[in-house]
Amino acid sequence: FPSHDTASIKGGGGTIYVVGVGNDVDSAYLSNNIASPGQYYLVANYTDLSTVLNGIVTQCPSPAPSGP
């Protein structure tokens, strides 16, 4: 993600969730430049990924109902 894209998303009210997997992750860059504040997560391996993703899903607002 180029930083101008992330700034545009955040500026428009969007939230960017970032999950780093493993030890070879630039956590400082991802948490400071890509993720929305408080939305960077680091997991040791892919086995732990589902736990983090389930937590993120519970934070997301439900879509507005459609129709009359």
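Six residues form the largest nonpolar core: Ile16, Val18, Leu30, Ile34, Ala35 and Tyr40. By nonpolar core I mean buried Ala, Val, Leu, Ile, Met, Phe, Trp, Tyr and Cys residues joined through side-chain atoms within 4.5 Å. Buried is under 20% relative accessible area, exposed over 50%, partly exposed in between, with a 1.4 Å probe and protein chains only. Apart from this core lies another, of five residues, including Tyr41, Val43, Leu49 and Ile56.

This is a predicted model: local features need pLDDT of at least 70, side-chain atom pairs count only at pLDDT 80 or more, and totals for chains, interfaces and linings use all residues. Residues are numbered from 1 along each chain as its sequence is written, and side-chain values use heavy atoms, without hydrogens and water.

Confidence next. pLDDT is the predictor's confidence in each residue, from 0 to 100. The protein chain has a mean of 86, with 91% of its residues at 70 or more.

Now Ser36. Is Ser36 buried or exposed? Ser36 is buried, at 8% relative accessible area. Leaving aside neighbours within four places in sequence, Ser36 is in contact (heavy atoms within 4.5 Å) with Lys10, Gly14, Thr15 and Ile16. Its side chain reaches the backbone nitrogen of Ile16 at 2.8 Å.

Last, the fold. Helices (H or I, at least four residues) and strands (E, at least two) are DSSP runs, numbered from the N terminus. Strand 1, residues 18–21, pairs with strand 2 in the parallel sense over four bridges; pairing takes at least two DSSP bridges. Val18 has Tyr40 as its bridge partner in strand 2.

Note on methods:
A polar contact is a pair of N or O atoms within 3.5 Å; within protein, one must be able to donate a hydrogen and the other to accept it, and residues adjacent in sequence count only if both atoms are side-chain atoms.
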